[in-house]
Structure formats: C-alpha cells, structure tokens
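User: Can you take me through some charged side chains in this one? I'll ask as I go.

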Amino acid sequence: MITASIVVYCNKAADLVRVLRSALASPIDIVYLIDHSPADEVKRFMDSPANQEEEHLSLLMRDGRVVYEPHPNRGFGAGHNIAIRKSMAAGAAYHAILNPDIYWSDPVIESLVGYMDSHPEVGMMTPKVLFPDGRLQYNCKLLPTPMDLIGRRFLPKRWMKKRNERFELHSSGYDHIMNVPYIHGCFMLFRNETLRQVGLFDERFFMYPEDIDITRRLHAVSETLFYPYVSIYHVHGAASHKFGKMLRIHIINMIRYFNKWGWWIDPERRRVNKGISKKF
C-alpha cells in the first residue's frame, strides 16, 4: 500500500486541484488531506463551491481515496505526522509527503516505488524538481552551517554565489542518482519501515527545518536518494522572503535546528559534507 499526505493552510483551490489530480492518477491508495486552515476552508470548498475550480476540488475530494481531516495548526511536520501514523497503522509500505503547490504528469510514484522495491537500503527518495517554466530547482543540499542559511537570506547574492553553488551541489549536474543528506520537503517518498527506525518529523519545528532534520536522520541509517529520471513541478512561493511573520517563524525554527544539532561544532555535518563534496 502507498499513502500520501498534503497539509493545507489557506491554499488556493486551483493548487489543490492540480496536486490531487496528480496523486489520484498515480498508484497512491490513500491521500490524507490535513487542513490547518483557520475555518476548515477546504471543507467549505467541498460543501459550497463558489467557482469552477472549487467545484472541481469538491469532486476530487469525494473520491473514496481522499481522507479529509481538519486539525489545529501545530505546524508542517506535526500535520504530516498525523497522516504518517495512520499510514503505518494501515500497513502501508510507503508514504509520500506532497506540498500543495506541486503537480506532475510523469510516472513519478511508479518509478520511485519500483526502485525502492528493488533497493531495500533506500529509506527515502525524491524526483527532479522543476519550476513551472522548466528551470531546475536545486533541491539537494549539503547539511547547512549557520552561514549557509544566514548568508542566503541576508547577504547579497554575489557574495554567496560560490558558497551557495557548493551548498546546492551544482557541480553534480543533477543528472544521475545521488545519495544526499538534505532533500527539500516539497516531495519526499518515505519507506515506513525506515521511518519507524528513526522517528517521524520533529514537532519542535513548526515549519522550514523539519525536512533537513528528518533527511539527515534517515541518511544516517539508509540511502536518501535524488532520482532524476522523473520530475515534478513546484510553484515555490518562498513565503519567508515575502512576509515578516513567516521570516520570524523561519528564524526561530532555524535557531531550534542549530540548538539541536550544533551551530559551529557539528561533527556529523562535517563528516557527511566532506564525503559528499569529494564526490562532486
């Protein structure tokens, strides 16, 4: 069995239509739609659609594979953990984390699950991620130092260009399978058996570094792979660069991340990044 979850917070009906169409056209057996919106907004779309996109969403949500659940907003990871626990209880072998702003037409789930079925050492996979115009998103990264994240956000891009290219593994070419320690959370396919070993998302992180944290924990016991032969599209709103509230949330949670793993002294980060850098 393959399950998936989408955590929703005041997302546009058109975005949810795209991602649900992609998921329901795949071999995913159950899609958990966890609604963190203040007024159970997705339920309103379903009960009283106001336009064509909301009508389309209402029809998709009535598909028997979609399980809709409103919950108080305790963060991205906490929302997905609700679904992961249900996935494990149902006996699913794999669970996919899907952002509301992604979509695809390639046989993404089929290809990744097929690879993982024949490679039991793999605990997580992600496909190639593209912007809607076809440009590559550099979603595979080294484990971050404080400078990697502070510099990306606050220093001029020209000052950080070389460091950022190293951090995002540009020299790898993104044209072959790679075992990397940090995969962006817009699409993550987990092997539930490996998740049981390392634990679910750390709910101390409300938003942003939970994907770094869970990837590095999985990477320590299994392979966490980038698979470039199928791709998804990710709209990528970068909310923390636009809104002051989201920037504050980003900063607070990155402080929590470095408090957990180490600011300047992080032996595992040093060892893992050195090994990855040698390859590229």
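This is a predicted model: local features need pLDDT of at least 70, side-chain atom pairs count only at pLDDT 80 or more; totals for chains, interfaces and linings use all residues.

User: How many salt bridges does a search of the whole structure find?
Analyst: The search finds 16 salt bridges.

User: Pick one. How far apart are N and O in the bridge between R216 and D266?
Analyst: The N to O distance between the side chains of R216 and D266 is 3.1 Å.

User: Where do R216 and D266 lie?
Analyst: R216 is in helix α9, residues 210–219, while D266 sits in the loop between α10 (244–261) and α11 (267–279). The pair therefore ties together parts that are 50 residues apart in sequence.

User: Is R216 buried or exposed?
Analyst: R216 is buried, because its relative accessible area is 1%, and the cut-off for buried is under 20%.

User: And D266, buried or exposed?
Analyst: D266 is buried too, at a relative accessible area of 7%.

User: Which residue forms a salt bridge with R216 at 2.9 Å?
Analyst: That is E268, with 2.9 Å between the closest N and O atoms. This pair also links distant parts of the chain, since E268 belongs to helix α11 and R216 to helix α9, 52 residues apart.

User: How accessible is E268?
Analyst: E268 has 21% relative accessibility, so it counts as partly exposed. The buried class stops at under 20%.

User: Back to D266. What does D266 form with R269?
Analyst: D266 and R269 form a salt bridge in which the closest N and O atoms are 4.0 Å apart. The criterion is within 4 Å. R269 is buried, with a relative accessible area of 5%.

User: Which residues are linked in a network of salt bridges?
Analyst: One such network links D202, R204, D213, R217 and K260.

User: Changing topic: where does E69 lie?
Analyst: E69 is part of strand β3, which runs over residues 66–70.

User: Buried or exposed, that E69?
Analyst: Buried: the relative accessible area of E69 is 16%, so E69 falls under the 20% limit.

User: What polar contact does the side chain of E69 make with H71, and what joins E69 and K86?
Analyst: The side chains of E69 and H71 make a polar contact of 2.8 Å. Another polar contact, of 3.2 Å, joins the side chain of E69 to that of K86.

User: What does E69 touch, not counting residues up to four places away in sequence?
Analyst: On that count, E69 touches L33, I34, D35, I82 and K86.

Conventions
Residues are numbered from 1 along each chain as its sequence is written. Side-chain values use heavy atoms; hydrogens and water are left out. Helices (H or I, at least four residues) and strands (E, at least two) are DSSP runs, numbered from the N terminus. Buried means under 20% relative accessible area, exposed over 50%, partly exposed in between (1.4 Å probe, protein chains only). A polar contact is a pair of N or O atoms within 3.5 Å; within protein, one must be able to donate a hydrogen and the other to accept it, and residues adjacent in sequence count only if both atoms are side-chain atoms. Contact means heavy atoms within 4.5 Å.
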